[in-house]
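Subject: Structure handover

Hello,

Please find the structure below. My notes on it come after.

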Amino acid sequence: MQEFSILAPDDWHLHFRDGDMLNETVPATARCFKRAIVMPNLAPPIVNTKMALAYKARILAATPAEHDFSPLMTLYLTDNTSSEDIIEASKAGIVAAKLYPAGATTNSDAAVSSLENLYPVLQTMSEVKMRLLVHGEVTDSHVDIFDREKVFIDQKLSIITERFKDLKVVFEHITTADAAQFVLDSSENVAATITPQHLLLNRNDLLVGGIRPHNFCLPVLKRNTHQEALRQAVASGSNKFFLGTDSAPHEKQQKESACGCAGCYSAWSAIELYAQIFDELNELDKLEGFASHYGPDFYGLPRNKEHITLERHEWQVPSECTLKNGESIVPFYAGSTLNWRLKIPQ
Ligand code: NCD
Ligand code: ZN
C-alpha cells in the first residue's frame, strides 16, 4: 500500500503551553488534528472557566487560518475546586477536568492532596457528564518511580471507578501491562490514551548507552514487557484505547540539563509515528479506530467528517525547531527516519 486515508484524527491529550510557544505548538497539531484535549497545567494552572476560556481564545488566535481546529478545554482540579466550578465549566463547554496527584509532574504543585475531599466534585462531574482525566501515578517518596502507576491503580483509581460507576474516566498516557489490563477489566466508562513514545520505546531507550533526555517523560518509560503489552492493546482494536500524544514541549536547555524536564514534543510527527507503529504491528487498518473513532465516541462527541491521507514516503524528523525568541526545541524522534508522511491536500 502506498497511501491510505482515514477519518481526520483528534489528539485526546496534549500540552500547548502558553505565550509565544503557542505559535509553535498550535500549528504543529492543527496541521493534522481537528480537535485536541488541552492540558491545564500552566503556571498558574487553569482552575476555572474564566481562565479556560481566556486560554482557549489565545489558542484560537495562534491557529493558522487555513486549519479548522477546535481546542477542547479542561480544568485543573485542586483542593479548592468546588461543585459550582464544575457546573459553570460544563455549561461553558469544558469537557473534562484533570486530576494530578500533587507533585506528580510539570506544574502539578497545586494539585489534589486528598482524594476523599474531592468526592463531592467527582459526584458533580458524574452528574453533568464531565470526563475525569487522571494522571495515574502516586507520588509517595517511598514508592519506586517504576511502580507508581501500578500503586495508583491499586490505591486510588480502583476506588474512584468503584465508587463513581457512572463517571467516565480516561486513564491518561498508560505505561504498563497492569494499566492496560485494568482498563480492559473495567466497565465501558473507563478508557485510556496511549502516547507514541510508550508504544515505540522502553526504558532501555532512556538509559542504555547514555541518558537520553529527549526520551524522558512522565510516567517514565517502563520495561519492554510493558511496552509489548501496550502494543498488543492497540493491536487488539479495542475501543477502550485511543490516541493521546501527550506532546509536551520544553526548551532544549531545560531538557539537556542536570535536572531535565519530563515531556516529549511529538506534535510534528505524531500521526506519522502512530502510522509507523500500526504498520510494524501489521495492523494499519486499526489506526483509524484508535486515532479517529474511539476518542470522540468516548467523549460523546461527533466523529470528524473530513479525511487525511498518509503516503509511504521516507522523511527525517528535524533535529530542532527554532522558536521566535531564538530558543529551540528538540522534537521527539529527532533525526530519525519515518516511513509515512501526511499528504497535504493540493
Ligand atoms: C508533561 C508536561 O511537561 O507538562 N510531561 C510529561 O512528561 N508528560 C506533564 C504530564 O503530562 O505529566
Ligand atoms: Zn500530559
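The notes cover the ligand site, the backbone around it, and a few residues elsewhere.

This is a predicted model, in which local features need pLDDT of at least 70 and side-chain atom pairs count only at pLDDT 80 or more, while totals for chains, interfaces and linings use all residues. Residues are numbered from 1 along each chain as its sequence is written, chains are lettered from A and ligands numbered from 1 in the order in which they are written, and side-chain values use heavy atoms, with hydrogens and water left out.

Ligand site

Ligand 1 is surrounded by 15 residues (near means that a heavy atom of the residue lies within 4 Å of the molecule). The closest are R17, N41, T106, L218 and D246. By class, the shell holds 4 nonpolar, 9 polar and 2 charged residues (Ala, Val, Leu, Ile, Met, Phe, Trp, Tyr, Cys and Pro count as nonpolar, Asp, Glu, Lys and Arg as charged, and the others, Gly among them, as polar).

An N or O atom in the side chain of R17 is 2.8 Å from an oxygen atom of ligand 1. For N41, a polar side-chain atom lies 2.8 Å from an oxygen atom of the ligand. D246 has a polar side-chain atom 2.7 Å from a nitrogen atom of ligand 1. On its own, ligand 1 has 310 Å² of accessible area, and the protein covers 100% of that (Shrake-Rupley method, 1.4 Å probe; for residues, only the protein chains shown count as cover).

The space taken by ligand 1 is the largest cavity. A cavity here is a set of points, on a 1 Å grid over the protein atoms alone, where a 1.4 Å probe fits but cannot get out; a molecule sits in one if more than half of its atoms lie within 2 Å of its grid points.

Backbone

Most residues other than glycine have a negative phi, and most peptide bonds are trans. R17 has a positive phi of about 65°, and D246 has one near 55°. R17 is in the loop between β2 (11-14) and α1 (22-30), and D246 in the loop between β9 (241-243) and α10 (252-255). Helices (H or I, at least four residues) and strands (E, at least two) are DSSP runs, numbered from the N terminus.

R17 counts as buried because its relative accessibility is 13%, and D246 is buried at 6% (buried means under 20% relative accessible area, exposed over 50%, partly exposed in between; 1.4 Å probe, protein chains only).

The peptide bond from L218 to P219 is cis, with omega near -10°; P219 lies in the loop between α8 (204-207) and α9 (224-235). The bond from A43 to P44 is also cis, with omega near 0°, and P44 is in the loop between β3 (35-38) and α2 (49-61).

Other residues

W340, in strand β13 (residues 337-343), is buried with a relative accessible area of 0%. Its side chain makes a polar contact with that of D279 at 2.9 Å (a pair of N or O atoms within 3.5 Å; within protein, one must be able to donate a hydrogen and the other to accept it, and residues adjacent in sequence count only if both atoms are side-chain atoms).

S328 is in strand β12 (residues 328-329) and counts as buried at 12% relative accessibility. The side chains of S328 and E320 make a polar contact at 3.0 Å.

Regards

Conventions: 1 Å grid on protein atoms, 1.4 Å probe; cavity = no way out; pocket = protein on both sides within 12 Å on 5 of 7 lines; lining within 4 Å.
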